[in-house]
Amino acid sequence: MRWESVSLRLSDWKAGPGHRWPGRQVIALVDGRQAGYVQFHAHPQGDAVEVSMLEVLDGFQGRGLASLLIDTVYEAYPDAWVNHGNRTSDGAHWWDNYRDPAPERNIHNRPPGEWASYFMASRVAADKTRNASWNRHLGLDGHGGAEYRYRQRLEMEFLGHDDSFLGRVDLPVVDPTAQALHAGQLVHLPPGLHRYVHDTRHPAEQRAHALLDHVGHGNLPRPENHTGWWNISPGAALDDALHRELAAGGQGPGLPATQLVFHAHPLAEVEAPEYESAGSYLEYIDGGDVPVELAGLSWRQSSAPQILHSAVFDPPVEASVPPLYPEAASDSYVERYDEAGALRAPLTPWEQLIADRAGELRAVADRLLDGIAARAAAAPPNPPARSPARANDPQQPPPTPAPRPCLP
């Protein structure tokens, strides 16, 4: 591998609001394509790091990328305890060849009394036991000589330190009724619309409305494939759109994708739905739709990230995060948007007249139906119908035989 073709990107990782520490990741790019990544949780003060996933994609393995990614984590957090967690069989082979740049900060090498406030000691003991089992099974050394009490019974000592574990650290809470929020999305536009929205000769607000019409006013992002979270930072929302594109394999054939960010005003308190906060972003967990007022849009094409287009909506534009399923949609959402989240077409004058007089027309129809039912109830019963005649009925005259032709 030509190392000059490799670039590294340290950014947020949307691991979900439930974790005690914020998620971070290092992404390795080779010629603009995602080649691997390491995802981890970092203590807010940088005191500790917990590795969650290390992966090098097919076609890029065996070239030292995994080691480069972990080395970058060590460099980004130079004073942190590092918990590598448990490993798979592939991970055990990689670790056997890896040279830890700071083994004194690897918690598997140190007694639990030094780091137990950051990590659950009994869980670390389980990880160490699993890793030692892989080493034994695969015939690997696994740097066992550097580990604290390698291949020894750990449960009694480590369980005694679980009370030192601090658990969740207090993080800032995102409040959608008090803060403007921003959500990213990746869209692939038809050729004509793509050229129009990225053409600066046209007014930005008109191009933004064209983008919104294409996406759908009632189809704002929900969490899916790296996008859809509502961030306190516009840059984080733009990163979400970028990460979705990288995870999909980068720029494919045809026109470049468009990375889009929705900027929303704070919600009215009476409309605030259920949500979970993760410090710098939130996830709406309410199954229903979420009405928002859009302050504007920002967008760029992935092949020209240095050119960012922006438009402000004045007045704000009414829009909505869609419901998770149709049955959860509010009456106002159904009235305003169709099944795809697009604005419903305005009614024609005749349709508007019918809609305005719907109650009156319904009352007339009910009266007509009631009258029909009353007349049917008052009518005399019909006489019983006679059964059809049968061939052997003695009260019926025998049928007249058909004339037979005369033969010469």
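How many aromatic pairs does a search of the whole structure find? The search finds 10. Here, rings of Phe, Tyr and Trp, the last by its six-membered ring, pair if their centres lie within 6.5 Å; planes under 30 degrees apart count as stacked, over 60 as edge-to-face, and the rest as tilted. I will come back to one of these pairs.

First, the ground rules. This is a predicted model, where local features need pLDDT of at least 70 and side-chain atom pairs count only at pLDDT 80 or more, while totals for chains, interfaces and linings use all residues. Residues are numbered from 1 along each chain as its sequence is written, and side-chain values use heavy atoms, with hydrogens and water left out.

Now the sheets. Helices (H or I, at least four residues) and strands (E, at least two) are DSSP runs, numbered from the N terminus. Two strands pair if DSSP finds at least two bridges between them.

E4 and E5 pair in the parallel sense over three bridges, and the bridge partner of Val 49 in E5 is Val 82. Contact means heavy atoms within 4.5 Å.

The other sheet I want to show is open, with seven strands in the order E9-E10-E7-E6-E8-E11-E12 and antiparallel pairing. E9 (275–277) and E12 (309–321) stand at the edges with a single partner strand each, so one side of each has no neighbour in the sheet. Starting from the E9 side, E9 and E10 pair in the antiparallel sense over three bridges, with Tyr 275 opposite Tyr 284 in E10. These two strands form a hairpin with three residues between them, and Gly 279 in the turn has a positive phi of about 95°. E10 (residues 281–284) also pairs with E7, antiparallel, over two bridges; there Trp 230 stands opposite Leu 282. E7 (residues 230–231) in turn pairs with E6 (residues 181–187), again antiparallel and over two bridges, and the partner of His 182 in E7 is Asn 231.

Which strands of this sheet does H7 touch? H7 (residues 234–247) packs on E6, E7, E8 and E11, and its direction makes about 150° with that of E8. Helix H6 (residues 204–215) lies across E6, E8 (258–264), E11 (290–301) and E12, running at about 30° to E12.

The search runs on a 1 Å grid over the protein atoms alone: a cavity is a set of points where a 1.4 Å probe fits but cannot get out, a pocket is an open set with protein on both sides within 12 Å along at least five of seven lines, and lining residues have an atom within 4 Å of a point. Grid points are joined across faces, edges and corners, and a volume is the space filled by probe spheres set on the points.

The largest pocket holds about 970 Å³. It is lined by 34 residues, and those closest to its centre are Met 53, Leu 54, Asn 86, Thr 88 and Gly 91. E4 (48–56), H1 (65–76), H2 and H3 are the elements that give two or more residues to this lining, and E4 gives the most, with seven.

There are two cavities of 30 Å³ or more. The largest has about 40 Å³, and its lining includes Arg 20, Trp 21, Tyr 118 and Val 169.

Finally, back to the rings. Of the 10 aromatic pairs, I pick Trp 21 and Phe 119: the ring centres are 5.7 Å apart and the planes at 70°, so the pair is edge-to-face. Trp 21 lies in the loop between E1 (6–12) and E2 (23–30), and Phe 119 in the loop between H2 (89–97) and H3 (121–138), so to speak distant parts of the chain, 98 residues apart.

Methods
Axes fitted to C-alpha atoms, helices over the stretch in contact; angles between N-to-C directions.
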